[in-house]
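Here is a short briefing for a reader new to this structure. It goes topic by topic, with the cut-offs given along the way.

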Amino acid sequence: MGVASVRLDPAFAVGPLNRRIFGTFVEHMGRCVYTGIHEPGHPTADEHGFRTDVAELVRELGPTIVRYPGGNFVSNYQWEDGVGPKEDRPTRLDLAWRSIETNQVGTDDFMSWASRLGIEPMLAVNLGTRGMTEAIELLQYCNAEPGIELSDRRVKNGHPDPHDVRVWCLGNEMDGPWQMGHKTAEEYARLAEETARAMKRFDDSLELVACGSSNRAMPTFGTWERVVLDRCFDFVDHISAHAYYEPVDGDLDSFLACAEDMDRFIRAVVATADHVAAVKGSDKRISVSFDEWNVWFQARFDGESSLEIREAPELIEDVYSVTDAVVVGSLLITLMQHTDRVSMACQAQLVNVIAPISTRAGGPAWRQAIFHPFALTARYAAGTVLRPAVVSDAVQTQAYGAVDQLLTTATLDPETGDLVVFAVNRSRTEDCALTIDLDALAHSAGSVGSLGGEGGRAAYPAGRQVEHLTLHDADPNAHNTEADPERVVPRAGDAVLDGSTLRAVLPPISWHCIRITEGNNS
Ligand code: AHR
C-alpha cells in the first residue's frame, strides 16, 4: 500500500476557481451535431429539432462554455451556408472529415441552443480556407446592433438581439499539417494579427484566442507560441493548447500519469507567453485556452483520408472505461491547479465524438464513464482553489519518470466554508492510504466567513459532514453501454474525519470527490 499525506491551508491558494475551465466542444464532425444534439423527428426533439434527452444530460454535465463549430471542420467552413431558411441552405462537402454537411444546424441555431441551456458560446473563425474578411463579417453578423446589412440579415433570420459572443478563436490548430490551410508560424501570426486587429476595432472588449500548438510533441512547439505571440501580443488575450491522451503501446502507467504532460504543457506555454511579455516590457498576462482535451484512442483512427464520404458518419465514437474516467478526473484536477493561468478549457467533444454523452439515432442517450468526473467536478468545485502540500509515494512511468501516486487539489468556498477535495490514485496495483491535515483550516476559520467559530477558532471541521463519491471498479475496463448505461457510476467511498484529519484508502485506479460541508446543501 502506498502512502500520501496532504496539508491544506487557506493561506496557500492558486486563486479563485475560474469556471470557464469546465467547457465543452461541439464540432460539425461525425454525429456530434447530427443525431447528437440535433435530430428532428426524434421522439424527444423540441420545436427546433434539438434532442431534449441530450439537453437534459448536458445540463447535468454542467459545462459553462462551449466551443463551436470546430475543430478541423471550421478551417473549411462557410458560415453563411448555415444561416437563413433551412430549405435554402446548401449541402456541402466537408473536406476536414470527408463528410456531407447539410447545414441544417448553423450559427443561429447553435447559439439559441446554447442560450436555452445557459452555456456561454465560444466561436471559432475560419483562417484556413478563408481569412479576415469572412471573420469580421461573421463577427458583425453575430454581434452588431441592427442597422447594417450583416446584422439586419441576422434580424431577418429571426434574431433581433445581437448574440454578443465574447470569446473568439482565431482559427483552429493552424500548426497542424492535417489542417485545411495549414500555415507556418509566421504566416499564421500575420493573418491572426490582422484579423485580431480588425475584430478588436469592432469591439476591443472581445476576448481573442490565438492558435497555439496541437500538442506538446509538435515539432514547432514553443517556437510556434513565441512567434505567434510576438506578433499578436497586443491583440490577443489567450493562446490555445490541445492535448489528447491514450495508452501508447499498452503503457497504462504513463497513461494514468498523463496529467503530468498537461501540467508541463501549461507551464511551458505560460513561460513562453511571459517571456514574450518580458521582451516587450509588458505586464500583460496571456492565458492558456486549453480548448481541446480528452482521452482519445487515436491509434484506432486510420486518418481522415481513409474515410468514406457520408452524412453524419460514426467517427471516433470511443467507448470509455473507468480507467479513462480516472484519467479525465486527473486532467480536471490539473486544470484546476492552473486556474490562475488557464482561462478556458473544453473537453472535446460533447456528444458521440470522443464524448461523455452517447446517443443512438432514434434511440436513447446515455452517460459514458467519463461523464461522471466532469459532472461532479463542475458541480461541486467552488470558491478558491487551494494549493495542497503533498508528500506521496511515487509511481514509476516510462513517459514521465517518477510521479506522485496521489494527484489532488481542493476548493474552499469562502461563502459556505465547504471544502471539496478531488483526488486520484494513479497506481495500477497499490492502494493509497491518504491522510489530509485540515488543522490550518480550523485555525484560520475566522477568516473564511461561516467557518468562523467563537474567537475564529476550532469551528472546523466540527459538526461538518463528509460525503465521499468515488469512481473505481474491480474491472478497470468496465464501461457503460446502451444496454447497461449504469455499469460505471459514482459510488459512496469511506473517507472519515478523525479530529481535523481526513482519512481514506483509495484503491488502485480510482478518482475521488470528498466534500466536507455543513450538510444542508447538495
Ligand atoms: O476533436 C477532434 C479533432 O481533434 C478536432 O477537429 C481537431 O481540432 C483536433 O485535431
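Predicted model: local features only at pLDDT ≥ 70, side-chain atom pairs only at ≥ 80, totals over all residues.

Residues are numbered from 1 along each chain as its sequence is written, and side-chain values use heavy atoms, with hydrogens and water left out.

- Strand β6 (residues 99-101) pairs with β12 in the parallel sense, over 2 bridges.
- Across that pairing, I100 stands opposite E311 in β12.
- Strands here are DSSP runs (E, at least two residues), numbered from the N terminus. Two strands pair if DSSP finds at least two bridges between them.

**Cysteines**

- The whole structure was searched, and 0 disulfides were found. A disulfide is a pair of cysteine sulfur atoms within 2.5 Å.
- The closest cysteine sulfur to that of C258 belongs to C346 and is 18 Å away, too far for a bond.
- C346 is in no disulfide either; its nearest cysteine sulfur, in C169, is 7.3 Å away.
- C258 counts as buried at 1% relative accessibility. C346 is buried too, at 0%.
- Buried means under 20% relative accessible area, exposed over 50%, and partly exposed in between (1.4 Å probe, protein chains only).

**The ligand**

- The ligand is surrounded by 13 residues, and the closest are E27, N72, E173, Y244 and E292. A residue is near a molecule if one of its heavy atoms lies within 4 Å of it.
- This shell divides into 6 nonpolar, 4 polar and 3 charged residues. Ala, Val, Leu, Ile, Met, Phe, Trp, Tyr, Cys and Pro count as nonpolar, Asp, Glu, Lys and Arg as charged, and the others, Gly among them, as polar.
- A side-chain N or O atom of E292 is 2.7 Å from a ligand oxygen atom.
- For Y244, a polar side-chain atom lies 2.8 Å from an oxygen atom of the ligand.
- For N172, the distance from a side-chain N or O atom to a ligand oxygen is 3.0 Å.
- Taken alone, the ligand exposes 280 Å², and the protein buries 95% of that. These areas come from the Shrake-Rupley method with a 1.4 Å probe.

**V505**

- V505 lies in strand β26 (residues 501-506).
- V505 counts as partly exposed, at 37% relative accessibility.
- V505 and E137 are 368 residues apart along the chain, and 56 Å separates their C-alpha atoms.

Technical notes
Helix = DSSP H or I, 4+ residues; strand = E, 2+ residues; numbered from the N terminus. Polar contact = N/O pair within 3.5 Å; in protein donor to acceptor, adjacent residues only side chain to side chain.
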